[in-house]
Each structure stands twice: as C-alpha cells, then as structure tokens.
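This report examines backbone geometry, a ligand site, domain layout and model confidence in turn. The sequence and structure are shown first.

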Amino acid sequence: MSIKLNKIKKRFGHQIVINNISLEIFNGELFVLLGSSGSGKSTLLRVIAGLIQPDAGKIEINEKDVTNLSPQQRNTGFVFQNYSVFRHMTVQDNIEFGLKIRKVHSEERKKVTADLLELVGLTGLEKRYADELSGGQQQRVALARALAYKPEVLLLDEPFGALDVKIRSQLRKSLKEIQNKIKVTTILVTHDQEEAFELSDRIGVINQGQLIEVDQPDKLYNYPKFEFTAAFIGGGNVLVGRKEKNFIRLGSTLLPFPEKAPPHDDNAPVRILFRPESVLLSTKEFSDDIYVLGRSKINEIKFNGSFFRLFLDVNELKGVQALEPRIAYGQNTVRIEAVVPGNNITDEILDSNQEFWLGLKNFHVLQPTGLKLLIYIDHSSIDPSFVEFGFSLAQATEGFACLLSVVNSQSHHSETFNHLETIRQSHQRYLNLTSTNVRQGSYTEEILREAQEGQYEIVILKREEEPTDYSSKALQILTVLKLPVLLVKNPHSQIQRILICTAAGEPGKEDIKFGGRVAKLTGAFTTLFHVTRKSSSKAELYRAERHLHLGKATLEALNVKSEIKIEEDDNPVNKISSELQKGQYDLLIIGSPAPKTTRHLFWKDLTRKIIDVSNVPVLIVPMVNE
Ligand code: ADP
Ligand code: MG
C-alpha cells in the first residue's frame with residue numbers, strides 16, 4: 001500500500017507548520033521521518049491519518065484519494081508516544097477493541113488476538129490489565145492494537161520516545177522484525193538519529209515544515225545533497241570553498257573538483273562535506289591518493305569511551321568559512337573534527353606541540369547553492385519591502401540571505417540583534433534560508449569583513465535618496481572585495497525580466513557572466529543592451545554586435561532566454577533610461593569600472609548616472625582587471 005502526499009500545506013495561525021510537502025512512500029516500506037522537535041513531524045503524520053485536515057494538498061493511500069475521508073475510512077493504524085492503550089482494560093480487550101467496533105465475529109477476534117500476541121511477544125499476558133504492564137509492554141500492546149484490524153498503513157509517532165534506552169533498543173528490534181514479517185507500509189516519526197538509521201528503509205529529513213531530503217540512510221550520511229542534511233546527520237565537517245577552473249579553492253589549499261560532483265558555475269561557492277572518520281593524521285607527508293588539507297595542530301581532544309574526537313586547527317585553511325563544526329565567537333581559524341578509535345591513540349596525538357599533516361580519504365561536494373546574499377541594514381531602519389526583496393531573491397535562487405547590522409558600541413549589540421531577529425521572524429516563509437548578524441566597529445570595514453568571511457556573492461544595500469549614503473560603501477565593496485553590489489529601490493515582488501547594460505569588449509564580459517548566473521537562478525528573461533555612439537565606425541559597430549552575440553551564446557549555455565538590443569546615442573544614459581521606462585524590467589545589471597583604469601572617473605560618473613535614472617534595483621558587477 002503506497003502513500004502519496006502531494007503539496008501538503010498546513011498552518012496554525014500565522015505559523016507555517018507543513019510547507020508544501022510532496023512525498024511517496026512505497027508499498028511495504030518502513031519510512032522514517034526524522035526531524036528535531038517542532039519540525040512538523042506529528043502534524044504531518046496526523047494529516048495522513050486524517051486527524052488534521054490540511055489547508056491544501058492531496059493524500060493518496062494505495063492510489064485512492066483519501067484527502068476528504070475520515071480517519072476511520074482511511075484505515076490507518078496509529079501508535080502515539082504516550083501509551084495509547086486503555087489502562088483499565090485487559091491486554092486482550094485492548095487488542096480486540098477495534099475489531100469489536102468493526103463487528104468482527106468473536107472467534108475471528110480470538111484468533112487474530114492470539115496471532116498478534118505472538119507477533120509482539122506478549123503471549124500469556126492477555127488477561128493482565130494494561131496498567132500492570134511495563135512501558136515497553138504497553139507499547140507492544142498499542143502496536144498489536146493498531147495492527148488488529150489489518151490497517152493499510154501503520155503510523156508511529158515517536159513510539160519509543162518515553163522508554164529508557166535499553167527497552168527502546170529491544171522494541172526497535174522487535175518492530176523491525178514484525179514489520180519485516182507482515183510488510184505493512186509504515187511511517188515512523190522520530191527525532192532520534194540512531195533510531196532512524198537502525199530502522200529505516202529510507203529516511204526523510206524534515207525541518208521547519210519542509211521536507212529537505214529523502215534517501216536511504218547510508219546515502220544520506222555519505223552523499224547528502226543539502227547542507228542541512230550534511231550538518232544534521234552525524235558529525236561532519238562542512239567547508240565552503242570556491243570553484244576555480246577544475247579545482248576547489250580552500251584557503252591556500254586546492255582540491256580537485258570531482259568529475260561526478262554536481263556542476264558548479266565558475267567562481268561559485270562550493271560546499272564540501274567530509275566525515276570525521278575520513279580525516280587522516282600523519283607526522284609524515286601523505287602519498288598521492290590522499291587529498292592534503294595542510295598542516296595542523298590539535299586544539300582539543302574529547303574522549304567518549306570508544307573514540308577520541310580531535311579538533312584541529314589547519315594553517316592552510318585560514319580565512320575559509322566553516323559551516324560545521326560551527327565556529328565559536330571570536331575563533332579565527334577553521335577547526336576540523338577527526339576521530340581516532342580509543343585503542344589507536346598514540347603519544348604523538350597526546351603531545352600538544354606535535355604538528356600533523358591533515359589529509360582526506362574522500363570528500364563529497366554538496367549541491368550548489370543559489371545566491372548567497374548579505375543584506376546590510378542600518379540598525380535604526382525598518383523597511384519591510386527592502387528586506388523582503390533580498391529574502392525573496394534568496395528564495396527564488398534557492399540561496400541564502402543574512403541580515404547584517406553594524407553597531408559602534410557593545411552596548412547596542414543585543415538590542416540591535418533583537419531588532420534584526422524580529423525583522424527576520426516577521427518574514428516567516430523565509431526562516432529556513434535566512435540568518436542575522438551584528439558586528440561591532442566601523443560600518444564599511446565590518447561589512448567588508450562579513451562579506452569576505454561568509455563567502456557572500458552579492459552585498460545588498462538600500463539605495464537612499466542621498467547617493468553619498470550608499471556610494472562609499474558600494475564603491476569599497478566593488479573595488480576592494482570585487483563583489484557585486486545590489487542597490488535596492490522600488491523593488492518588485494519577482495524578478496522576471498533583467499536588463500543587462502554592457503560595454504563592448506573585455507570589461508563587458510563580467511556583467512554578462514555574473515548577470516547570467518542571476519538570470520539562470522531566477523529564471524528571468526534577459527535583454528542584453530548596448531548603446532553605440534552616433535559617430536561609431538563600422539568596425540566599432542561590428543565589435544559591439546559580436547560582443548552581444550557572444551554574450552547571448554554565453555547565456556544560452558546557461559539555459560537563459562535572452563534577446564539583444566543595440567541603440568545609438570551619444571549619451572548612453574538617455575537610451576538606458578528610456579529602455580527602462582518601456583521595458584517593465586525588474587532588475588538592471590551594469591558593470592562598474594575596474595579600479596586603477598584611466599577611465600575610472602568617467603565610468604564612475606556614468607555608473608552613477610545610470611543608477612540615478614533607474615526606477616528598479618540595480619546590480620553593479622565589478623570588472624575584473626586581470
Ligand atoms: P514535531 O512533532 O516535529 O515536534 P509538531 O508537528 O508537533 O512537531 O509541531 C510543529 C509546530 O506546529 C510546532 O511549532 C507547534 O508549535 C505547532 N503546532 C502543532 N500543533 C498545533 C496546534 N494544534 N495549534 C497550534 N500550533 C500547533
Ligand atoms: Mg511530535
């Protein structure tokens with residue numbers, strides 16, 4: 001009996017508890033829904049059982065639409081965490097209860113009950129009252145009762161949650177055996193990873209009402225697609241590097257970009273996962289088949305009885321962003337976690353002055369992210385549409401956004417942090433992909449630091465009426481970090497059309513390349529726009545056309561739909577302005593000058609003028625001056 005969920009949604013008040021979940025559970029499968037407390041597991045299970053009506057979506061059991069059927073009509077067996085047996089009834093009466101309601105003949109009832117008692121290992125206890133049983137035995141009764149009327153599917157909500165460790169592990173084993181024997185399609189909900197791994201045919205990881213990823217346990221552990229899974233399951237090291245041709249740059253270390261890894265854009269962030277047991281330590285240099293991370297010293301050792309967990313600082317990884325293990329406040333180096341079996345510990349490891357080469361047996365590249373956005377907001381400002389635009393851009397590209405404020409004294413820190421969190425929480429639908437941070441120091445410097453440390457791809461600033469408010473920050477980000485800056489004013493709710501204004505030739509390539517990434521991730525239709533001077537020679541015109549055609553080809557390679565427009569005017573700003581007026585664009589992308597070029601001032605002026613005439617957000621892409 002398969003279970004199919006199609007786009008299930010449920011809110012309680014303003015809180016989205018089930019966020020568009022689609023999922024298929026196969027016939028006879030033991031499926032575990034794994035998530036932390038409050039992630040929506042119980043709600044989803046109750047939706048399937050018919051105890052809660054979803055706001056939207058469809059539920060099928062065995063190809064039959066049961067969305068509007070009552071719980072009884074759905075024929076599911078349900079076991080709750082808190083013993084759901086009737087305590088004043090005997091074991092036998094408990095198990096027969098559902099059968100009596102269904103008017104099953106007494107002889108048949110006796111037979112079914114005897115079989116079930118055998119199955120759950122309670123034969124001989126049928127006359128006992130439920131409250132004379134241990135917690136584990138009561139749950140066995142609950143299971144037998146749920147199975148008595150041969151439900152099509154079995155739904156178990158943390159059934160072992162209230163039991164102690166030993167009983168829990170016995171019951172797990174029994175459940176697995178029983179499920180194997182009768183092959184009833186089962187969903188078990190738990191927050192316990194060990195339980196999920198031991199029992200499941202497949203695991204679905206759920207977080208804040210979203211189904212993050214579904215796979216077999218070993219696949220989820222070794223080859224997760226998403227950062228959340230990588231961090232949530234097992235201990236792990238997740239670092240963020242950058243794609244550099246066929247390599248991944250991590251600080252001063254280069255790892256080969258694996259052939260089978262999911263494709264990444266050039267220069268895009270690359271997140272790699274390696275488990276502590278893949279980390280190797282050696283006092284000598286490694287042979288060729290080991291990926292070398294660099295030289296390190298052990299910072300901390302923890303012993304858990306069978307393993308030593310080591311935390312190592314690696315010189316070569318200075319400045320690299322680590323997502324896991326989380327970096328503690330004030331810590332300035334990446335810390336790598338490794339494990340060594342207790343009986344393999346050596347004096348060298350216990351010697352805190354010993355330097356080791358750190359290597360990897362293997363590593364895994366996660367799915368590329370969408371855009372990583374840093375949204376700077378003035379701590380006193382509240383502008384919902386500005387923040388909303390940044391968050392929705394992160395969501396549209398399956399990326400991530402961080403709200404940053406900078407304060408000039410420690411005393412404003414917590415107040416500002418609360419302010420940012422309030423703003424973030426008020427955009428509920430983006431909670432999964434947003435975070436907040438407050439830094440202390442001088443504004444521009446701290447924005448630069450955060451942008452660099454966090455490997456952000458775009459810094460978003462609010463475009464104030466007064467250009468000086470944003471221009472110095474923007475210029476520094478563009479020239480010092482060479483990061484694109486998005487200046488936001490009059491944002492639309494979606495990005496469907498992009499206008500890229502490009503100069504002909506070398507400098508124009510960057511804005512098309514980066515603009516292409518934005519267009520690809522947002523799915524927007526893109527217009528490549530170029531203005532030539534009236535006095536342009538044939539050769540100049542030809543060069544411009546060629547540049548745009550190559551640009552269009554570049555976009556096509558990214559699957560971005562585009563068109564080309566060339567206009568003539570001695571003042572490009574005029575034409576750009578009128579194109580913006582008539583084109584219903586949602587985003588304008590322009591290039592900024594590379595620093596130290598002779599045309600810097602002129603370009604800066606032109607860039608400024610274009611920004612001034614734009615009635616939509618402007619993304620300024622720094623020119624790379626190689
Ligand atoms: P889990 O089983 O994963 O711990 P639940 O599905 O029980 O999570 O709850 C998910 C969220 O939905 C919780 O944050 C909880 O506050 C909210 N919630 C659950 N049931 C209700 C309800 N009946 N009314 C209001 N909020 C609810
Ligand atoms: Mg629950």
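## Backbone geometry

Lys-7 belongs to strand E1, which covers residues 3–12. In this predicted model, the phi angle of Lys-7 is positive, at about 50°, although the residue is not a glycine. A second residue other than glycine with a positive phi is Asn-62, whose value is near 55°. Asn-62 is placed in a loop, with strand E4 (56–61) on one side and strand E5 (64–65) on the other.

The peptide bond between Glu-324 and Pro-325 is cis, with omega at about -15°. Pro-325 is part of the loop that links strand E18 (321–324) to strand E19 (335–341).

## The surroundings of Asp-313

Asp-313 is located in strand E17, residues 307–314. Its side chain forms a polar contact of 2.7 Å with the side chain of Arg-335. Leaving aside residues up to four places away in sequence, Asp-313 touches Arg-295, Ser-296, Lys-297, Asn-299, Thr-333, Val-334 and Arg-335.

## The ligand site

Several atoms of the protein approach oxygen atoms of the ligand. A polar side-chain atom of Thr-43 lies 2.5 Å from an oxygen of ligand 1, and for a polar side-chain atom of Ser-42 the corresponding distance is 2.7 Å. At Gly-38 the contact is made by a backbone N or O atom, which lies 2.6 Å from a ligand oxygen. Ligand 1 taken alone exposes 560 Å², of which the protein buries 59%.

## Domain layout

How many domains does the assignment give, and where do they lie? The protein chain is divided into domain 1 (3–222), domain 2 (235–365), domain 3 (372–488) and domain 4 (497–622). Taken over C-alpha atoms, the centres of domain 2 and domain 4 are 42 Å apart.

## Confidence

The protein chain has an average pLDDT of 88, and 95% of its residues score at least 70. Confidence is highest in strand E3 (residues 30–34), at 98, and lowest in helix H18 (residues 600–613), where the mean is 70. Over residues 598–603 the pLDDT falls below 50, and this stretch has 6 contacts in the model beyond near neighbours in sequence. Where pLDDT is low, the predicted coordinates should not be read in detail.

Terms used: Residues are numbered from 1 along each chain as its sequence is written. Chains are lettered from A and ligands numbered from 1 in the order in which they are written. This is a predicted model: local features need pLDDT of at least 70, side-chain atom pairs count only at pLDDT 80 or more; totals for chains, interfaces and linings use all residues. Side-chain values use heavy atoms; hydrogens and water are left out. A polar contact is a pair of N or O atoms within 3.5 Å; within protein, one must be able to donate a hydrogen and the other to accept it, and residues adjacent in sequence count only if both atoms are side-chain atoms. Accessible areas come from the Shrake-Rupley method with a 1.4 Å probe; for residues, only the protein chains shown count as cover. Domain bounds come from an automatic or database domain assignment. pLDDT is the predictor's confidence in each residue, from 0 to 100. Helices (H or I, at least four residues) and strands (E, at least two) are DSSP runs, numbered from the N terminus. Contact means heavy atoms within 4.5 Å.
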